[in-house]
Amino acid sequence: MATWRPDPSFYPSPRMAAKAPKETIAYVAAFDPDRQRPDAIAVVDVEPTSTSYSQIVGQVDMPNVGDELHHFGWNACSSCLCPNAPHPHVERRYLVVPGLRSSRLHILDTKPDPKNPRIVRVIDPAEIAEKANYSRLHTIHCGPEGIYVNALADRDGNAPGGIFLLDHDSFDVLGQWEMDRGPQKLAYDFWWHLGHDTMITSEWGTPENFENGLVPEVLLGSKYGHRLHFWDLNKRKHVQEIDLGEEHQLIFELRPAHDPTKAHGFVGCVISLKDLSASIWTWYRDGDQWAVKKVIEIPAEPADPDLLPPVLKGFKAVAPLVTDIDLSMDDRFLYVSCWGTGDMIQYDVSDPLAPKETGRVRIGGIVSRATHPKASNGALNGGPQMVEISRDGKRVYFTNSLYGAIDPQFYPDGIDGWMVKLDVGDNGGISFDESFFVDWPKGHRPHQVRLEGGDCSSDSYCYP
């Protein structure tokens, strides 16, 4: 919907976005792993002075069951101010919510009552298949010229996965983004350097290899994704592939620098087949090519096999399982979720090729089951997973479920959902907000968090 003035939550630069008002609510995707009841978008009160602080204060249920809500985003954001394709009068109003399993897209209007969004449109899988030839919808990014949606498979559930666009205003499916995909087959995450006309995509696998859980033979055979792909954003053409090596399996979340003059970013690798370690890699410009370097390695922790799930017993160790990362608005701190061990680690990445650890907390974990001061149920399961940072970098929120079919492979006793918040020191360091703990209602598990007005993985910028 058009407005006379640009949306006040749009900012030309990350420096200005960091001065934005504090968020008062968070939107959280919640799914039923048993696919017996509708998934939902929950609304959590994150205003410390509120009497309902740390409570779910609203919820909108999806109209069907079995969606597996995963990653979602806004219809419009600060990229609408970019000079190459300006849409300054679009407003940040609608949440675009895909079902990873169902391939449905839900459009939620947050404006009439932000605590009670309402569904205004559902785009069926058949329409997406017909117009874009994709399915298994994963991630949403609001771009300068439309809403980008990536998918992990084609309409029949096979490779290649890829990206399609929705119209900013009507939400109509416009079609497949790629003009020349080159060797790219597998898909997972995507994001871009708007200042360098470059898109980056990462890799997971096809639905047959994740919808019923990770397949050990595929993992040990190095058949999951282990490559990064670089694209000409304007020509929509694949220009370079970088293989991180077959031992590095499951190349997940991408976090480019927010400053559009910087040509670097970070990606997490879930697991190494050599020693179960996880790793963080920096991509950067090297002459007229892109290059990558492993800059962080997080080792597995030896453990009593009796405390391990069957998938790890033979290794006698807990894998860190880095499943999400997030980068603060000033490009200084990288947050790394270790879903296996239960660690959330903060690194100073001011030098992107030489990170330094500056903070660490532990909660949950396959073996440690570390608790929280406000938790009433003692030992916690699950571990740090989807992480989101406030625009000013002072608050970090995260939840504890990865994916319905994979959760029980590593937490066979089941996952009781929770959401927590960290406070960030001025010069680094993290600590739990002891008064913020959402004990998630049974029947749903929480996944991605989106913050009111935007956050550190929702927007991109064209001005430094």
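Is Cys 462 buried, exposed or partly exposed? Cys 462 is partly exposed, with a relative accessible area of 22%; here buried means under 20% relative accessible area, exposed over 50%, and partly exposed in between, using a 1.4 Å probe and protein chains only. Please keep in mind that this is a predicted model, in which local features need pLDDT of at least 70 and side-chain atom pairs count only at pLDDT 80 or more, while totals for chains, interfaces and linings use all residues. Residues are numbered from 1 along each chain as its sequence is written, and side-chain values use heavy atoms, with hydrogens and water left out.

**Disulfides**

- A disulfide is a covalent bond between the sulfur atoms of two cysteines. Here it is taken as a pair of cysteine sulfur atoms within 2.5 Å, and by this rule the count comes to 2 disulfides.
- One of them joins Cys 77 to Cys 142, with an S to S distance of 2.2 Å. This disulfide is right-handed because the torsion about its S-S bond is about 120 degrees.
- Cys 77 sits in the loop between β4 (73–74) and β5 (94–98), whereas Cys 142 belongs to strand β8 (residues 134–142), so this pair links distant parts of the chain, 65 residues apart. Strands (E, at least two residues) and helices (H or I, at least four) are DSSP runs, numbered from the N terminus.
- Both Cys 77 and Cys 142 are buried.
- The other pair is Cys 82 and Cys 462, whose sulfur atoms are 1.9 Å apart. Their link is right-handed too, with 90 degrees about the S-S bond.
- Cys 82 counts as buried because its relative accessibility is 0%.
- With the bonded cysteines of the chain numbered in sequence order, the pairing reads 1-3, 2-4.

**Cysteines without a disulfide partner**

- Cys 80 is in no disulfide, and the nearest cysteine sulfur, that of Cys 77, is 5.9 Å away. Cys 80 is buried, with a relative accessible area of 0%.
- Cys 338 is in no disulfide either; its nearest cysteine sulfur belongs to Cys 269, 12 Å away. Cys 338 is buried, again with a relative accessible area of 0%.

**Nonpolar cores**

- A nonpolar core is a set of buried Ala, Val, Leu, Ile, Met, Phe, Trp, Tyr and Cys residues joined through side-chain atoms within 4.5 Å. The largest has 31 residues, and those with the most contacts inside it are Trp 204 and Phe 410.
- At least two residues of this core come from each of α3 (216–220), β16 (248–256), β17 (264–272) and β21 (317–318).
- Leaving aside neighbours within four places in sequence, Phe 410 is in contact (heavy atoms within 4.5 Å) with residues including Leu 214, Pro 309, Trp 339 and Ile 366.
- A second, separate core of 24 residues includes Tyr 335, Val 361, Ile 363 and Leu 380.

**The largest pocket**

- On a 1 Å grid over the protein atoms alone, a pocket is an open set of points with protein on both sides within 12 Å along at least five of seven lines, and a cavity is a set of points where a 1.4 Å probe fits but cannot get out; lining residues have an atom within 4 Å of a point.
- About 360 Å³ of space lies in the largest pocket. Of its 18 lining residues, Asp 7, Ser 9, Arg 92, Glu 452 and Gly 453 are the closest to its centre.

**Cavities**

- Among the residues lining the largest cavity are Trp 191, Trp 192, His 258 and Tyr 461. Strand β12 (residues 190–193) gives the most to this lining, with 3 residues.
- The second largest cavity has about 70 Å³ of space, and its lining includes His 71, His 141, Glu 253 and Arg 450.
- Strand β8 supplies the largest share of the lining of the second largest cavity, 3 residues.

Technical notes: Points joined across faces, edges and corners; volume = space filled by probe spheres on them.
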